[in-house]
Structures are given as structure tokens and as C-alpha cells.
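Welcome! Here is a short tour of the inside of a protein chain, with a look at its nonpolar cores and its aromatic rings.

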Amino acid sequence: MKHKIILDTDPGIDDAVMISTALTDPQLDVALITTVAGNVTVDKTTKNALKLVDFFNKDVPVAAGATDPLIKKFEDAARIHGESGMAGYDFPEPTSKPLTLHAVQALHETLKNSADPITLITTGAYTNIALLLREYPEIKPKIKQIIAMGGSLGRGNMTSAAEFNVFTDPHAAQIMYSSQIPLVMVGLDVTLAGRISDETTAKLKQFGRAGQMLHDIIGHDFDHDEKGTAIHDLQTLFYLEHPEAFETKDYWVDIVTEGPAVGETVADIRGAYHNGKTNAKVCVGIDTAAFNQWLLDKVSQNMQN
């Protein structure tokens, strides 16, 4: 049985690897891609999503979303992903066009018209999701679950306290975590531990045009150390298909929205403040070898063209 999903994203190199995998995976039915300002500005993230849809010759609608966070000033991550957001490969200009609908309206229409609830995969700032929940709260039953890349139980990667996606729009994160929708937090605790190894990256280029493209863009991601490259967003799909490869803990997670720790995700690890209630399943461990093999399998089986 296929997983029906919506991708809310800000490509971004790791987002691009995630989108490429989702578009070509026969186990996934991508109903919509929505874009948000995050790694780069929303005009660039939208263009990047369209480039990937064209690259794989897929008929998947793309809708441009929020240009700025709800309240906080926008700060991008072009230093990591390059000025275009997808450095490393010379994509042609897209011929596909985004929908005329704003991403929030496209999300609402897609969810409302779906016979079954849809899983939201969100890998950028959560601004579009927050606007959807604020403007159309009645749509919540049509959301099966939210699998969100972001957050950390330990130190951050944007500040010492905050992970980038949550830091970018902490007020949106607060709305999403307060929604009572089943939510999985795929944060730095697993995405920095479960890296794509240099050996895996080198193997990708043997798998045709798509493998070469993924090899090239991963090679331009600066989130790299001796253990490999942190392709954070791809782990959301790995969790969707293989939750057994993760160790998880159920916590109540609060979001810091002001002060020097703005964007920090604070889990009530002691269970001291929320009467035993939880609002997120937090990933705290990952089978890194299985993650690497899963990516190689996906590229070799689904992307060669």
C-alpha cells in the first residue's frame, strides 16, 4: 500500500535528495510539493523544486508559500547550500510552472479533496503548516501525521541551542507542536549521527544521470565531517518507510520563541510539567548502516534513466 504524502520543503541540498527519492519511489504517492523561505528565499526554493520535478519528468504540482517567518526576521542558509540552494549540479531552467494558488490554499485543497488522510513531510521552516492550521483548523483530521525534520534534544546547528528549521520560524513551530496532530520529530539527534558516508556518496555516481546529480550536490554540502554528510531531510522518508530503524521517545516538546535560546526545542524529559502528556515522538537513535543501504537501493532501483 502506498504512502500518500505532501512535501513541504525549502530545497536546499538535503531537501533535493529527499525530493528526488520521493518522486521516484513507487511506495510513495506525492500529491503536492509546497515551498517556503528557509535555506534560501522562496523564489529560489520554488525554482529548485520545479527543477527536480522536471529532472525526473514527474507531473507533481508545486505551490510557492511563505516568503517570511510569521514574526521573526528571515535568515537563510546559503552559506551551506550555495546561493541557488542546490549548488553542485547545472540544472536547466525549469519549464514547469508553480500553481497560481498560494501553498496554504493548495495544502487546504489537496487535503480537503483527498479520500484518505495524508502524511505531511515538512523539512523547512514550518510557516506554511502553521498558516494552514491557523486558517483552516477544521482540516486537522485530514492530516494522518506530520513527520518534521527539525529540533534537537541537545545543542543546535544554528545557535548553540537551536536547530535551523525551528530557529527560522519558532512561532510556526510552536503552532505546529500545539496542534495535537500526531507528530514525529526527526532532529539533529539522529540526522547528525546518521550521515551518508563518503563511500555511499562515491557509489551514487554509478547509477546513471540521477545518481551523478545526487553525487554532485551531496559533494557540495558543507555539513560534512569524517563520518560523512548530514543529509538531514532524507531521514523523514526513511522514518516513514522504516520506523523500526529508529529509536524513539515520546515527549512533550515546547518551543522557545524569544531570548538567547530562541528556536530551542525543550523536551520535558523528566515528565515534570505536562501531567504525563506528550505531543511528539522524538527520534533519538538511527541504524546508520541501514539508512545508507536504503538510499543506495532507492537510487539503484528507482532512479536510473
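Two rings of Phe, Tyr or Trp count as a pair if their centres lie within 6.5 Å. By that rule, this predicted model holds 9 aromatic pairs.

**Ring pairs**
- Phe238 and Phe291 make a tilted pair, with 5.2 Å from centre to centre and 40° between the planes.
- This pair links distant parts of the chain, as Phe238 belongs to helix α11 (residues 234-241) and Phe291 to helix α12 (residues 288-303), 53 residues apart.
- Phe238 also forms a tilted pair with Trp294, at 5.2 Å centre to centre and 50° between the planes.
- Because Phe238 lies in helix α11 and Trp294 in helix α12, their pair ties together parts that are 56 residues apart in sequence.
- Phe238 is buried at a relative accessible area of 2%, Phe291 is buried at 0%, and Trp294 is buried at 6%.
- Ring pairs join Phe238, Tyr239, Phe246, Phe291 and Trp294 into a cluster.

**Nonpolar cores**
- The largest nonpolar core has 51 residues, and Ile5, Leu7, Ile33, Leu234 and Leu237 have the most contacts inside it.
- Helix α1 (residues 13-24) gives the most to this core, with 7 residues.
- A second, separate core has 38 residues, including Ala66, Ile129, Ile255 and Val282.
- Leaving aside residues up to four places away in sequence, Leu234 touches several residues, among them Val17, Met18, Phe291 and Trp294.

**Charges over rings**
- Lys72 lies over the face of Phe167, 3.7 Å from the ring centre.
- Arg209 has its charged end over the ring of Phe55, at 3.7 Å from the centre.

Definitions and conventions
Residues numbered from 1 in each chain as written. Predicted model: local features only at pLDDT ≥ 70, side-chain atom pairs only at ≥ 80, totals over all residues. Heavy atoms only, no water. Core = buried A, V, L, I, M, F, W, Y, C linked by side-chain atoms within 4.5 Å. Buried < 20%, exposed > 50% of the residue type's maximum accessible area, 1.4 Å probe, protein only. Helix = DSSP H or I, 4+ residues; strand = E, 2+ residues; numbered from the N terminus. Contact = heavy atoms within 4.5 Å. Phe/Tyr/Trp six-rings, centres within 6.5 Å; stacked < 30°, edge-to-face > 60°. Lys NZ or Arg CZ within 6 Å of the ring centre and 35° of its normal.
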